[in-house]
Amino acid sequence: MNGIIEADTEKYLYSLLPRRDATTREMESYAKKHAVPIIGPACGRLLYQLARLVLARRVFEMGSAIGYSTLWLARAVGARGTVYYTDSDTENARRARSYLRRAGLLGRVRFLVGDALGQLRATRGKFDLIFNDVSKTQYPEVFRLAVPRLRVGGLFITDNVLWSGRVARPAAAGDAETRAIQKFNRLIYSSPKLLTTILPLRDGFAVCERIA
Ligand SMILES: C[S@@+](CC[C@H](N)C(=O)[O-])C[C@H]1O[C@@H](n2cnc3c(N)ncnc32)[C@H](O)[C@@H]1O
């Protein structure tokens, strides 16, 4: 809960979600217990739906942690699709690999450990969907890097763009994260290459279609 949607309404929205399979639920429990900031089931389902809508087959994920958002994406791309997992933490990657193996999705995921921006630079070709959930101060740089790597009609999706509402107020001196997200939000709305909508679900989910 991020205080963006009124609490009862948010609780209601989550109560409507169908029960997830055992592996997904186990990841949700692990994330809750160990304070891993995953996108959760409402945004996971949205990511899955959006990936299906654009028939995404080649997906690059930036900041994958224990592989929860990866799992939703890997389901969406189908048996012949590929999701590039990236995280700088080797223990996260080990855990993600174990969950994805158990979910029967390992064959759809390529694991890249290290800086996600560097990994994107080093990976050739265009993508149908790029999902951004790295350190918030890197968001403006991710914008510059990711947009040219999308096919026209592809989606650039970013988590935490409302940052618990902090983006709506002037950022305090030294609050580099809020400042970077505010800059990022201006970039995605002013880019002639993108058609952008921020959905106020959970912590704010930016959905940008590459249109030019
Ligand atoms: C918010 S969590 C990702 C959660 C994941 N997307 C999910 O919803 O299941 C952010 C993760 O990104 C990783 N990270 C942050 N900046 C990164 C970077 N520049 N390169 C690679 N990983 C990064 C952190 O290690 C952390 O695990």
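## Close-up views of the predicted model

**View A: Asparagine 160 is found in the loop between β5 and α8.** What you're looking at is a predicted model, in which local features need pLDDT of at least 70, side-chain atom pairs count only at pLDDT 80 or more, and totals for chains, interfaces and linings use all residues. Residues are numbered from 1 along each chain as its sequence is written, and side-chain values use heavy atoms, with hydrogens and water left out. As for the element names, helices (H or I, at least four residues) and strands (E, at least two) are DSSP runs, numbered from the N terminus. Asparagine 160 isn't a glycine, yet it has a positive phi of about 65 degrees. With a relative accessible area of 9%, asparagine 160 is buried. In these legends, buried means under 20% relative accessible area, exposed means over 50%, and partly exposed is in between (1.4 Å probe, protein chains only).

**View B: Valine 161 also sits in the loop between β5 and α8.** Valine 161 is buried, and its relative accessible area is 0%. Setting aside residues up to four places away in sequence, valine 161 touches Val167, Ile181, Phe184, Asn185, Ile198, Asp203, Gly204, Phe205 and Ala206. Touching, or contact, means heavy atoms within 4.5 Å.

**View C: Leucine 55 is in the loop between α3 and β1.** Here's another residue that is not a glycine but has a positive phi, this time of about 55 degrees. Leucine 55 is exposed, with a relative accessible area of 60%. From leucine 55 to valine 161 you go 106 residues in sequence, and 25 Å in space, C-alpha to C-alpha.

**View D: Helices α2 (residues 22–33) and α4 (residues 68–77) pack at an angle of about 160 degrees.** Their axes are 10 Å apart. That makes α2 roughly antiparallel to α4. The axes are lines fitted to C-alpha atoms, for helices over the stretch in contact, and angles run from 0 to 180 degrees between N-to-C directions. Angles under 35 degrees count as roughly parallel, over 145 as roughly antiparallel, 65 to 115 as roughly perpendicular and the rest as oblique. The α2 and α4 crossing is left-handed, meaning the near helix is turned anticlockwise from the far one by less than a right angle (clockwise would be right-handed). On the α2 side, the contact is made by Thr24, Met27 and Glu28, and on the α4 side by Tyr68, Leu71, Trp72 and Arg75. Sort the residues of this α2 and α4 contact and you get four nonpolar, one polar and two charged. Ala, Val, Leu, Ile, Met, Phe, Trp, Tyr, Cys and Pro count as nonpolar, Asp, Glu, Lys and Arg as charged, and the others, Gly among them, as polar.

**View E: Tyr48, Tyr68 and Trp72 form one aromatic cluster.** The structure holds nine aromatic pairs. Rings of Phe, Tyr and Trp (its six-membered ring) pair if their centres lie within 6.5 Å; planes under 30 degrees apart count as stacked, over 60 as edge-to-face and the rest as tilted. Tyrosine 48 and tryptophan 72 make an edge-to-face pair, 6.1 Å centre to centre with 65 degrees between the planes. Tyrosine 48 is in helix α3 (residues 40–53) and tryptophan 72 in helix α4, so the pair ties together parts 24 residues apart in sequence. Tyrosine 48 is partly exposed at 24% relative accessible area, while tryptophan 72 is buried at 10%.

**View F: Phenylalanine 156 and phenylalanine 184 pair edge-to-face.** Their ring centres are 5.9 Å apart, with the planes at 70 degrees. Phenylalanine 156 belongs to strand β5 (residues 150–159) and phenylalanine 184 to helix α8 (residues 176–190), so to speak distant parts of the chain, 28 residues apart. Both phenylalanine 156 and phenylalanine 184 are buried.

**View G: Helix α7 (residues 139–146) is largely enclosed by the rest of the structure, because six of its eight residues are buried.** Those buried in α7 are Tyr139, Pro140, Val142, Phe143, Leu145 and Ala146. They pack against β1 (58–62), α6 (116–122), β4 (127–132), β5, α8 and β6 (194–199). The axes of α7 and α8 come within 8 Å and cross at roughly 30 degrees, so these two helices are roughly parallel.

**View H: Isoleucine 130 has its place in strand β4.** Isoleucine 130 counts as buried, at 0% relative accessibility. Beyond neighbours within four places in sequence, isoleucine 130 is in contact with Phe60, Met62, Ala146, Arg149, Leu150, Leu155, Phe156 and Ile157.
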